Amino acid sequence: MEYENDDKYKAIDKYVKEKLSENRYMHSISVMNRALEFAKQYGANEQDAIYAGLIHDVAKEVPKNQRVLLAEELGIELDEIEKEATALIHAKIGAYIARNTFGLNDEICDAIRTHTTGCANMTLLQKIIYLADFTSEDRSFDGAKEVYEMAKKNLDEALLYALKISIIDVMNEGGFVHPDGVAAYNYLLLNKRKKGE
Ligand SMILES: [Fe+2]
Ligand SMILES: [Fe+2]
């Protein structure tokens, strides 16, 4: 496709490939393809969706014992939950790399930053990247297919359902629920009620 000849795309692709295992690189490509699909359907900026999807997990393989340290070195602020549930940190480090290594715009960086938790009042691109990550072709967990079918009809409905699944899963595993995830869920539910749905 056309974007594969774009220099910035090539540079990001090379970097992501170097930083990630084969499987996770393939996941990144799947998320990118799903993000592009949603961007086309919902009229988001396609190039932003491509870059965000491709780079969203670039920091996912930073070893557990280095995550907090690396974030601090980069001047990234972490909250109490992120310091405990360190798997969350890859989203913020990914956004940092997107901005500082590749000069990607705020919209893209915000979408990378919130791809794991969500947040209140998400932009179209934030919704797309969250749902692309949840429903990419390589996903086999319960609900991924269902959420994908929903997302093709209504992004907000799909997002509300995906957040619910994520939050319940985290709780069942005895993990921390990040407040941004709860804020995302409540925001969507409030909106739905206001619309009388
Ligand atoms: Fe991720
Ligand atoms: Fe991901």
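Q: Which residues does A35 touch, not counting residues up to four places away in sequence?
A: A35 touches A49, I50, A52, G53, I128, I129 and A132, where contact means that the C-beta atoms, placed from the backbone, lie within 7 Å. This is a predicted model, in which local features need pLDDT of at least 70 and side-chain atom pairs count only at pLDDT 80 or more, while totals for chains, interfaces and linings use all residues. Residues are numbered from 1 along each chain as its sequence is written, and chains are lettered from A and ligands numbered from 1 in the order in which they are written.

Q: And I129, where does that lie?
A: I129 lies in helix α8, helices being DSSP runs of H or I with at least four residues, numbered from the N terminus.

Q: Is I129 buried or exposed?
A: I129 is buried, because 31 other C-beta atoms lie within 10 Å; buried takes 20 or more such atoms, and exposed 12 or fewer.

Q: So what is I129 in contact with, beyond four places in sequence?
A: Its partners are A35, A52, G53, H56, A111, I112 and H115.

Q: Which residues of α2 meet α8?
A: From α2, V31, R34, A35, F38, A39 and Y42 take part, and they meet L124, I128, I129, L131, A132, D133 and T135 in α8.

Q: Changing topic, what about α7: which residues there are buried?
A: In α7, which covers residues 106-113, the buried ones are I108, C109, A111, I112 and R113, and these pack against α3 (46-55), α6 (89-100) and α8.

How values were computed: Two residues are in contact if their C-beta atoms, placed from the backbone, lie within 7 Å. Helices (H or I, at least four residues) and strands (E, at least two) are DSSP runs, numbered from the N terminus.
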